[in-house]
Each structure stands twice: as C-alpha cells, then as structure tokens.
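Me: Hi! Could you walk me through this model while I have it open?

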Amino acid sequence: MSVLAPAAGRQRIYRVNPVAKIAALLPLSVCVLLTLDWLSACVAVVGELLLFAVAGLRSRSLWLRTLPVWLAAPLAGLSMTLYGRASGTTYVQLGFLHVTDGSLAIGAATVARVLAVALPAVVLFATIDPTDLADGLAQVLRLPSRFVLGALAGLRLVGLFVRDWRSLELARRARGVADTGRLRRVLNQAVALLVLAIRRGGKLATAMEARGFDGPAPRTWARPSPFGTAEVVTIACGTALGLASVAAALAAGTWNFVLT
Amino acid sequence: MAAEGWGWRHGGRRAWALRDLDLVVEPGERVLLLGASGAGKSTLLHALAGVLGVEEAGEETGRLTLDGQSPRGARGRAGLVLQDPDSQVILARVGDDVAFGCENLGVPREEIWRRVPEALDAVGLALPLDHPTERLSGGQQQRLALAGVLAMRPGLLLLDEPTANLDPEGVREVVDAVGRVLERTGATLVVVEHRVSTWLPLVDRVVVVGPGGVVADGSPEDVLRREGARLAAGGIWVPGHPPAVPVRTGSAASTEALLTASGLSIGRGTSVVRDGLDLVLPAGSSVALTGPNGAGKSTLALTLAGLLPPLAGQVGAEPSLAAGRGSSPHRWRSRELVERVGVVFQEPEHQFLTSTVRAELEVGLRATGRYDDAGRDRVDALLERLRLTALGRANPFTLSGGEKRRLSVATALATSPPLLVLDEPTFGQDALTWAELVRLLAELLAEGRTILSVTHDQAYVAALADLELVLAPGSPFASRSPR
C-alpha cells in the first residue's frame with residue numbers, strides 16, 4: 001500500500017500542474033456553496049461531466065473511484081428531505097419526519113451540490129501525483145521547500161505504518177492479550193505505533209540531512225513545474241463554470257444565498 | 001579526514017560515546033572501522049557526514065575536520081549510507097530519489113539528469129527512472145541509497161553497517177556495487193561492520209576503536225592477527241574466530257509429528273503468496289525455513305503459528321500440541337495460543353507491550369491466569385537465564401539490540417509453549433548475542449521443545465537445524481539435512 005504511488009495515466013489532465021487543478025477547484029466550489037438551490041448545482045454537475053469527457057476521462061476506474069460520491073449524495077439528500085425546513089404541501093408526516101414541497105427542493109439541491117463539489121475534487125485529486133504537487137507548491141507557489149519536502153517524505157512512511165500496524169496486531173494475538181478489551185488494546189497499539197513512527201521519522205530526517213537537505217546552498221529542482229496555457233485553461237474552466245452556475249440561478253430566480 | 005582528541009556525548013548521557021579519538025584518513029584509503037557494540041563507530045560516521053545532533057542533541061570536544069573544514073559546513077563532501085534500508089528511501093520514483101541530494105546541493109538541472117543515470121549505472125540498478133521505489137528489495141534499496149549519495153560526488157563514502165539487514169543475495173549486490181564505485185571514482189571509504197569478511201576484499205586498512213579512542217590501526221592482516229581474538233570476544237565476526245557453540249549431537253527428534261500442513265495456501269489478506277504446501281514438523285526437532293526474500297517464509301511461519309488463517313488447505317496440530325483444543329491453531333483463542341506456540345518476531349519492538357522488562361515477561365502468564373507464586377519464580381528464573389535481571393525495571397524500548405532480542409525470546413518462553421517459532425532471530429546481531437541465542441535454543445531443544453526458524457543465516461542453520469526446508473518461488477519444498 002502506498003499513498004505516494006505515482007498517479008499514472010495518458011490523458012492530458014494528468015500532466016496539468018496540480019497547483020492549477022486546485023486553483024480551478026476553489027472558485028467552482030465557492031460559487032456552488034454560495035447558494036442553496038438546485039439549478040446552480042445542476043449546471044455545475046452537467047458542466048463538470050462535460051469537462052471530464054473533454055479531458056478524456058471515460059475509464060471504468062474513474063467511475064469506480066467516484067462511486068462513493070454517487071452513493072453518499074442521495075443519502076445526504078434523503079436526510080435533508082426528511083428533516084429539512086418544512087414548507088408548501090405536506091406529503092408525509094411521521095413525528096419529526098416530514099416530506100414537504102420545501103424539504104423535497106432542499107433534498108434535491110443537496111444531492112446536486114454534494115455531487116458538484118465532490119466530483120471534481122475526487123477526480124482532480126485522483127490525477128495528482130504527490131511528488132508533482134510538492135514540486136508545484138514549492139516552485140509555483142514558493143512555499144518553503146523544507147516544509148513541502150518534509151511532508152512529502154513523511155507521506156511515504158504511511159505505507160510503513162500500515163505494515164507496522166499489522167505486525168503489532170499479530171504480535172498481540174501471539175502474546176495472549178487479543179481476546180478481550182479491544183478498545184484498550186487498540187489504544188495501546190496506537191501508542192506503540194506512535195513510538196515506532198517517531199523513531200522512523202528521526203531516521204528519515206537523518207537520511208535526508210545526510211543528503212544535504214536543508215543545507216546552506218540554494219536548492220535546485222530536478223523536475224520543472226511548468227505553468228502554461230494548459231494550466232490557465234484549467235483555472236479558467238473552473239472559474240467560468242462556477243460563474244455560469246451562479247448566473248443561471250440569478251437568471252432563473254432560484255438564487256438562494258446561503259447566509260439568508 | 002582528521003580527528004584530534006575528538007569526542008561526543010549524547011544529550012542526557014553520562015558516558016561519552018567516543019572520546020580522545022586521534023585518527024587521520026588520507027584520500028583514497030579504504031578503511032574498515034571495527035569496535036564492540038557501543039564503541040561509538042556510528043557516532044563518528046554521523047559526525048563526519050555532518051548529521052550528528054539531527055536526532056538528538058549532544059556535546060562535542062576536540063576537533064574533527066574534512067578537507068580542513070568542519071563536516072557541517074562541508075555537506076556533500078561525505079556521503080553516508082545507513083543500516084536500515086526502509087528509512088533511506090526518500091521519494092517515490094527511483095530517478096527523483098537519486099536526484100534529491102543533487103537538488104539540495106544546488107546542482108543545475110541538466111547536470112542532475114546527467115549524474116542520475118551515471119550513479120544508477122555505477123551501483124548496477126538498471127531500472128527506469130520512474131520505477132516506484134516501494135517495489136525495491138532491501139538490496140536494491142541500499143544500492144539506491146548508495147546511488148543517491150554517489151550523485152552528490154562525495155570524496156568520502158561512509159557506510160554504517162549497510163548490509164546488516166539484508167539477505168545473502170542483497171549483501172553481495174551491495175558489496176559488488178561499492179567495489180565498482182570505488183574503482184570508478186577513487187573515493188575514500190570508511191565502513192563500519194560487525195562481519196569482517198564481508199568487506200575484507202575491499203579495504204586496505206583496519207581501525208579498531210573503543211570508547212577511549214583508537215585501539216589498533218594497520219593493514220587488515222596485521223590488525224586481525226594481533227587483535228582477532230580480542231575483537232571476536234567483543235562481538236565482532238572475525239574470520240578464523242567463529243563464536244563457540246555447543247555441538248548438537250544427532251537428532252533427539254522423535255518421528256512423531258507435532259504440527260502438519262497439507263495443501264496449504266498462505267498469504268496476508270486475500271491474495272495467495274504460495275499454495276499446495278505440505279510439511280511435517282516432527283516433535284522435538286529444529287526446522288529451519290530458508291529461501292530467497294519474497295518466497296513467503298515469514299507468511300508460512302506465521303500461518304503455522306496460528307496468527308494468519310490458511311487461505312486454503314489446513315494446518316493441523318497434533319493432540320500433543322493442541323492439548324484439548326481443536327486442531328486448527330488459527331481458531332485457538334489468543335490466550336490458548338500463547339500456551340502452545342511462542343512467536344518471536346523479526347522486529348522485537350513490535351511485540352513489546354509494557355513499560356518494564358519484568359512486566360513484559362508477566363504478560364503471557366497474567367493472560368492465562370498463571371501469574372501466581374510459581375509464575376513469579378518462573379519470571380525470576382527467566383530473567384536470570386537470559387541475563388536480564390539487572391534490567392528488570394528498564395523500559396524494553398531503551399534496551400540495546402542484543403538485549404531486545406533476548407527479551408523477545410524470553411517473552412515467548414514465559415508460558416513454556418512446546419513450539420517456538422522465530423522469524424530471523426539472528427538478523428543484525430553481533431557475534432556475542434548470536435552465540436548466546438544459539439546456546440539458549442540448543443538448551444530448549446534438549447528440553448524437548450520444537451523450534452521452527454525462518455532464517456538466512458547459514459551458520460545458524462548449521463549450528464541448530466535438524467532439517468532445512470528451502471522455500472523458493474515457483475518450486476516445491478526442497479528439504480535437506482544440514483549435517
């Protein structure tokens with residue numbers, strides 16, 4: 001298992017600078033979250049699906065990856081339908097539960113909005129290689145390399161922690177203490193993992209410094225982190241789609257500012 | 001490199017790790033640095049690489065220089081490869097990992113990508129630059145670390161037991177790679193290692209250090225002739241001075257089986273690593289499970305020990321082991337298991353549960369409700385037998401490598417299980433701990449216990465095993481008798 005496995009794919013979206021992907025997500029999410037109506041979110045979802053198609057993302061694995069989002073969105077919508085603010089005709093009334101015109105509208109808007117925010121986030125992050133992201137954060141956004149590379153190297157340890165955790169679990173069974181007190185055992189195991197983690201972190205820091213990390217010389221970057229037309233287009237698409245969804249809501253009169 | 005009266009004391013310790021060291025190494029020399037465990041060898045290498053004090057603070061005396069400068073200011077002049085392969089991989093792709101050191105030194109991009117393939121070629125790693133580093137074997141990881149250091153073009157190569165955690169194949173790979181690198185670059189070498197024979201063909205000078213400075217210094221033949229016996233007594237593996245072990249006379253093993261496996265498929269999780277395995281573990285015997293890395297030896301041992309469920313087929317415990325429980329060890333409850341099978345893990349730290357050595361030995365007895373007066377006596381006797389009495393109140397995590405190993409064996413013995421399963425018990429151990437462990441296991445065998453060991457260590461197999469089972473990928477078991 002690795003959190004750091006390079007994301008691999010031939011489509012152009014994989015080569016877009018990760019910083020641009022995140023920069024494109026921001027305005028889109030903000031716009032969709034500003035209003036509580038079904039139309040703006042639907043415009044965003046349809047636009048997103050169109051953009052994914054244009055970007056060449058049609059593979060089965062992509063649908064599998066976003067499956068949780070498709071499952072979670074209706075659940076969120078259902079609870080809003082049952083508990084959301086009541087208005088208009090009442091269809092069902094069961095104690096606190098009620099289904100009304102108003103709660104149905106809120107439910108639909110919720111489904112669409114969860115999809116509108118989560119789909120692009122899942123899809124774009126699935127195509128981001130952590131190493132490229134670190135390069136982008138340090139070279140494009142000029143975040144301190146000490147911080148960015150430290151976090152990147154630390155991420156690699158997560159795979160080792162998973163292995164450690166399994167060994168700790170087996171060892172507890174072998175020592176005769178795995179029959180009862182599951183909660184206490186898990187806590188105790190978490191502390192043991194923390195001790196191992198600190199030790200691994202220390203070793204990694206030594207190994208990094210032995211390779212001159214955080215030294216006096218200005219650092220160079222072996223991998224360029226280009227920021228060109230593709231990146232500008234990506235950000236423009238995100239921004240345009242966000243604005244389009246807001247404009248649609250305003251034009252159709254469904255705009256429902258979240259803070260009112 | 002030059003040291004004048006140099007010394008270092010780790011923060012919070014009273015004793016000096018190393019002091020009064022006077023040593024000069026000329027460019028191009030290849031030095032093997034020897035000394036008993038705790039003689040401060042690693043401390044010196046860390047200081048030369050300019051990374052002393054990264055993990056913990058400390059206090060320094062005297063002068064240590066590299067090309068006349070302080071090593072901290074001369075980063076990149078000395079390249080350090082450490083013992084643990086896992087913690088030296090820094091980035092996710094092979095090429096990026098090698099480039100990391102160059103980037104830190106501010107080498108221009110074009111120059112970096114000229115150096116990276118060169119360095120990979122020098123260490124014999126013929127892999128694409130975007131090969132994921134997580135798919136490397138231990139020997140490959142160490143060669144990658146060497147390539148990363150090499151790309152920085154250091155004048156001095158520092159190796160801190162780089163082969164201690166590798167199987168024989170990995171050791172060969174790394175030693176060959178270092179030899180090739182020295183030939184090409186003419187770099188100076190300082191290597192720390194417990195096993196002298198590993199590096200003897202490559203070095204032209206041997207330096208022995210103790211806590212009070214240099215003890216012996218000269219050509220390998222000279223130093224080993226004069227100091228060989230003393231070094232061996234200090235835990236170093238010196239050719240011609242093998243650790244004394246009791247000769248195991250014939251096999252006391254009965255022909256009766258203790259544990260059998262038939263049509264066994266093994267794996268962690270759901271994917272099968274090996275299938276169709278059949279074997280018999282005779283009661284009272286010592287069986288060694290050997291074979292290359294990745295063949296599934298540890299997985300098999302843990303499955304036989306009832307920790308991992310068989311994915312197909314079965315593991316069958318004979319009544320003498322099952323003692324009234326069912327015949328499938330993985331269905332036993334945890335506290336039933338601890339009375340029947342003692343498991344010693346490769347990493348002792350994975351199996352420690354408490355904050356003192358004594359409490360660690362009580363765990364199994366308490367779990368089985370046997371921590372009474374007899375249980376207390378048993379713990380005392382075990383502490384005595386494994387020379388841990390003085391450490392009874394110490395925290396298991398603060399012990400030395402050898403002490404941790406002894407404690408992990410002791411914890412498995414506390415509930416006196418008839419079967420003992422050990423995973424790489426001699427990995428990274430010095431000769432003293434090794435001999436001690438072999439003596440102890442020989443005693444246990446004489447008591448009639450059964451031992452299954454996963455190991456790469458042929459000396460261990462020769463000293464202890466009645467039967468060696470070789471597990472190689474894609475072929476059925478080959479068994480042979482080591483004697």
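Reply: Happy to; below we go through the chains, their contact, a few helices and the core.

Reply: Bear in mind that this is a predicted model, where local features need pLDDT of at least 70, side-chain atom pairs count only at pLDDT 80 or more, and totals for chains, interfaces and linings use all residues. Residues are numbered from 1 along each chain as its sequence is written, while chains are lettered from A and ligands numbered from 1 in the order in which they are written.

Me: What about chain A, which elements does it have?

Reply: Chain A has 8 helices and 2 strands, in the order α-α-α-β-β-α-α-α-α-α from the N terminus on. Its radius of gyration is 24 Å, whereas a compact globule of 260 residues would have one near 18 Å. Along the principal axes, the C-alpha trace of chain A spans about 70 × 60 × 35 Å.

Me: How much of each chain counts as buried?

Reply: For chain A, 38% of the 260 residues count as buried; for chain B, 52% of the 483 residues do. Buried means that 20 or more other C-beta atoms lie within 10 Å of the residue's own (exposed is 12 or fewer, partly exposed is in between), with C-beta atoms placed from the backbone.

Me: Switching topic: what are the domains?

Reply: In chain B the assignment gives domain 1 (2–233) and domain 2 (257–480). The contact between them takes 10 residues from domain 1 of chain B and 9 residues from domain 2 of chain B, and their C-alpha centres lie 34 Å apart. In contact means that the C-beta atoms of two residues, placed from the backbone, lie within 7 Å. Chain A is assigned domain 1 (13–132 + 227–252) and domain 2 (143–210), with C-alpha centres 36 Å apart. These bounds come from an automatic or database domain assignment.

Me: Where do the two chains touch, and how many residues are involved?

Reply: On chain A 45 residues are in contact with 58 residues of chain B. Helix H5 (130–139), helix H6 (145–174) and helix H7 (182–210) of chain A each supply at least two residues of the side that touches chain B. The largest share of that side, 13 residues, comes from H7(A).

Me: Let's zoom in on H3 of chain B. Which residues are buried there?

Reply: In H3(B), the buried ones are Ile112(B), Arg115(B), Val116(B), Ala119(B), Leu120(B) and Ala122(B). They cover an arc of only 150° around the axis, which puts them on the same side of H3(B); the arc is that of the directions from the helix axis to the C-beta atoms. These buried residues pack against helix H2 (94–105), helix H4 (138–150) and helix H5 (168–185) of chain B. Just after H3(B), Gly124(B) has a positive phi of about 75°.

Me: And H2 of chain A, what do its buried residues pack against?

Reply: They pack against helix H1 (18–34), H4 and helix H8 (229–252) of chain A. Among the buried residues of H2(A) are Trp38(A), Cys42(A) and Glu48(A). Just after H2(A) comes Gly56(A), with a positive phi of about 85°.

Me: What covers the buried residues of H8(A)?

Reply: The cover includes H1 and H2 of chain A. The buried residues of H8(A) include Glu231(A), Ile235(A) and Leu241(A).

Me: Last one: which residues touch the most other members of the largest nonpolar core?

Reply: Of its 206 residues, those are Leu48(B), Leu80(B), Val123(B), Leu146(B), Ala147(B), Leu158(B) and Val421(B). The largest share of this core, 11 residues, comes from helix H4 (residues 101–126) of chain A. A nonpolar core is a set of buried Ala, Val, Leu, Ile, Met, Phe, Trp, Tyr and Cys residues joined through C-beta atoms within 7 Å. Not counting residues up to four places away in sequence, Leu80(B) touches residues including Ala210(A), Leu45(B) and Leu158(B).

Notes
Helices (H or I, at least four residues) and strands (E, at least two) are DSSP runs, numbered from the N terminus. The radius of gyration is taken over C-alpha atoms; the globule rule is 2.2 Å times the number of residues to the power 0.38.
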